[in-house]
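Subject: Structure for your review

Dear colleague,

Please find below the structure that I would like to hand over to you. I ask that you keep it open while reading the notes that follow.

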Amino acid sequence: MLINKVSDQIKRSKYISRDLSWLRFNYRVLDQARDTSRTIFDRLKFMAITASNLDEFFMIRVGSLYNYIDYGKERLDYSGLRELPFRKKLLDYAHRFVNDQYLTFNNELAELFDKNGFDILKVGDLTEIEQKKVDSYFKNTIYPLLTPMVFDNYHGFPLLMNQLLTFGVVTRTTEEQKAQDRVTFVQIPQNLARFYEINRKDKIIFVPIEEIIRWKIKKLFRNVDIVSVNLFRITRNGDFTLEESDDIEADFVQEIKSKLKTRKKGRVVRLEIERNPSQFMMKILKERWTIDTANVFTITSMIDLRGLWQIINHRQFKDKGFKQPAPVIPLSLPAESVDMFEYLKEHDVLLHHPYNNMEPVVQLLERAAEDPYVLGIKQTIYRLADQSRVTAALLKAAENGKHVSVLFEVKARFDEERNLREGERLEKAGCFVIYGISKYKTHTKMLMIIRKEGEKVTRYVHIGSGNYNEQTARLYTDVSLLTTNDVYAHDVSEFFNVITGHSRPNEYKYLLTSPKAMRQQLIELIRNEARNAKKGLKSGIVIKINSLEDKEVIDEFYKASKAGVPIKLIVRGICCLRPGREDLSENITVKSIVGEYLEHSRIFYFHNNGDSKVYGGSADIMVRSFDRRIEALFLIVNEELKKEAINILYYNLLDNQNSYIMREDGTYARKKPATNEEIVDVHKLFYRKVFEETAQEVELV
């Protein structure tokens, strides 16, 4: 009865649970691993991504839920459930996902390994010669790094690290005629390769490091009986929402550094363990970490599928996965070799990544660093590439005596340490560096280059949805604008003054910004469409974002739908809006695109009675985007660029190869082309030559 009551409560709610919606998104990623049209290496890639996604989900979303439970705070989920019933529902669903994840890995993928030139084998499956090689590797490399940590009456419980594979070894000794069991923990160092590789004539054998250690575990336990050997892995709470200081005067950099340390001690929210573990050990672990069966995930094969990246990225298989086409020249650029300083004086440029290269932006920054007429550079940075050319250019600019001011967001989740390190490098070079703003996360992506040209100064502006990261720019779809338009330049200058100083401008002409104004500005745009619909005028909204979660905006969508506004939403991940419900959201459709590239671009279209307004930028429709982040959306005013942005939305709506349609109950169905319907795959289509010539006139609503 309780299960039915919970299910009914979820169905009655006019909102979809954020966390349950996220797990459904990860199912769509898992669906890519099940796609038999992909190579085994691409399927393994998506399998590894589901594992990484799930790790972050437990660290942040489940961790956040436990903040409420452990701190005794009340929480009401969008589904209408309080924290404890919701915990049960959420973890039940997570168990179902993990079961399906490993069914796919064990039953669909593993059987393809041998015919594709590799295999994952245990030590017992190796030849005698191969076992000797493994034995040598254990003695010389692994064994010296292993540290057994016993827990008993004389030794405290050790601090086990987050997300490391760990052996719990139960041993028994007889002392004074009394048998005594102890548990000893052996963590596998994270700097060792996950697999030991053996080259055979016809294939590569990958031997999991945990199987090598299991094979030789007795070397660590001499003169005692081993009762059981249990491999497991823990995930700790990585969410600091309730702990973040509101004290603006605090030393914010030190605060972040201290929180990075607490990640090592965060409460355990998940225990992954192989089958048939020692009940003696399990009792200890459950009591120590205050967890129960719901937190325990029994894994039927390889624990931590992120380790598959070693196979996916192996040099032997580098040509066997997805082959990315060469980028095409942006519609608004005549050639890649154009002098951007001269060209941008007369033209705006819209970039659509990864179909267009990020080079125009990086090269403009690199040239600015060397250009004698450039006076200064201002930039916000959220995530950077390894060996970042962006950082190198800013360092060069500072060395050349230019004013360089950079806002590094040190709360960019899991990139905090890198951003602190890079920020310190820039500081030492003479750059003016701000490490975020205590109460807010700076998520907006902006760059401004100030250049003296004769008697005037020109400001070159770049603003977009993607990070200044050359690596992810090849994997994420994003849009960005390059311009010298004085209105953009004025707005961006004002915005930099807000985030680096103590300025509060009254309004921006081309920007919608948060915190403070963005939610209400978007609501007004939605209401305008509703007013037009009530007057019998043409109306419509098409929005492409990563996540949709803010209740206030969702309620405005519901009102607009009732007023007759057709609303088409392309939401990659979390969607808390319930589409297609009678007398609530009948005019709203939601689709999700999940495929070769991570859909990261945000584009907002409002029909506005024929004088359409189109925005791009960094913000999703989320509470955090409106209330806890510094974000910006930019109005696209150039008619040709607006047309191009509308085309991006148009073909995303037409896509029938990577699309999933959201049902009223929150589930998703894969969209398939109808009989004789043209196949539209946006991840291929935007590379076609036709898009180098002109964007078509299209109607979205």
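K516 is exposed, because its relative accessible area of 74% is over the 50% cut-off. The model in which this value was computed is a predicted one. K516 is found in the loop between β18 and α15, and its phi is near 90 degrees, a positive value in a residue other than glycine. That loop also holds P515. The peptide bond that joins S514 and P515 is cis, with omega at about 5 degrees. For orientation, β18 covers residues 511-514 and α15 covers residues 518-534.

A cis bond is also present between H353 and P354, where omega is near 0 degrees. P354 belongs to the loop that runs between β10 (349-353) and α11 (359-370).

Another positive phi is that of Q163, near 65 degrees, again in a residue other than glycine. Is Q163 buried or exposed? Its relative accessibility is 13%, so Q163 counts as buried. Q163 lies in the loop between β2 and β3.

The loop between β2 (149-151) and β3 (166-175) also contains L165. With a relative accessibility of 7%, which is under the 20% cut-off, L165 counts as buried. Which residues does L165 touch, if those up to four places away in sequence are not counted? They are V186, Q187, I188, R194, E210, L231, F232, R233, I303 and D304. The C-alpha atoms of L165 and E422 are separated by 30 Å, and the two residues are 257 residues apart along the chain.

L145 is placed in the loop between α5 (128-142) and β2. Its relative accessible area is 39%, and L145 is therefore partly exposed. Apart from neighbours within four places in sequence, L145 is in contact with P189 and L192. L145 and L192 are 47 residues apart in sequence, while their C-alpha atoms are 9.3 Å apart in space.

I turn now to the helices. Helix α2 comprises residues 18-33, and it packs with α4 at an angle of about 5 degrees, the axes being 10 Å apart. The two helices, α2 and α4, are therefore roughly parallel to each other. On the side of α2, the contact is made by D19, L20, L23, R24, N26, Y27, L30 and A33. On the side of α4, the residues involved include F86, L90, Y93, F97 and D100. How many residues of each class does the contact of α2 with α4 have? There are eleven nonpolar, three polar and five charged residues.

N26 deserves a separate note. This residue is found in helix α2, and N26 is buried because its relative accessible area is 0%. Beyond its neighbours within four places in sequence, N26 is in contact with T50, N53, L54 and F97.

The pairing of α3 with α4 can be set beside the one above. Helix α4 spans residues 83-109, and the axes of α3 and α4 come within 12 Å and cross at roughly 165 degrees. This angle is over 145 degrees, which means that α3 is roughly antiparallel to α4. The crossing in which α3 passes α4 is left-handed. By class, the contact of α3 with α4 has 20 nonpolar, three polar and four charged residues.

The largest nonpolar core has 165 residues. Those with the most contacts inside this core are L44, L308, L548, F557, L569 and L577.

With kind regards,

A colleague

Methods
Residues are numbered from 1 along each chain as its sequence is written. This is a predicted model: local features need pLDDT of at least 70, side-chain atom pairs count only at pLDDT 80 or more; totals for chains, interfaces and linings use all residues. Side-chain values use heavy atoms; hydrogens and water are left out. A nonpolar core is a set of buried Ala, Val, Leu, Ile, Met, Phe, Trp, Tyr and Cys residues joined through side-chain atoms within 4.5 Å. Buried means under 20% relative accessible area, exposed over 50%, partly exposed in between (1.4 Å probe, protein chains only). Axes are lines fitted to C-alpha atoms, for helices over the stretch in contact, and angles run from 0 to 180 degrees between N-to-C directions. Helices (H or I, at least four residues) and strands (E, at least two) are DSSP runs, numbered from the N terminus. Angles under 35 degrees count as roughly parallel, over 145 as roughly antiparallel, 65 to 115 as roughly perpendicular and the rest as oblique. A crossing is left-handed if the near helix is turned anticlockwise from the far one by less than a right angle, and right-handed if clockwise. Ala, Val, Leu, Ile, Met, Phe, Trp, Tyr, Cys and Pro count as nonpolar, Asp, Glu, Lys and Arg as charged, and the others, Gly among them, as polar. Contact means heavy atoms within 4.5 Å.
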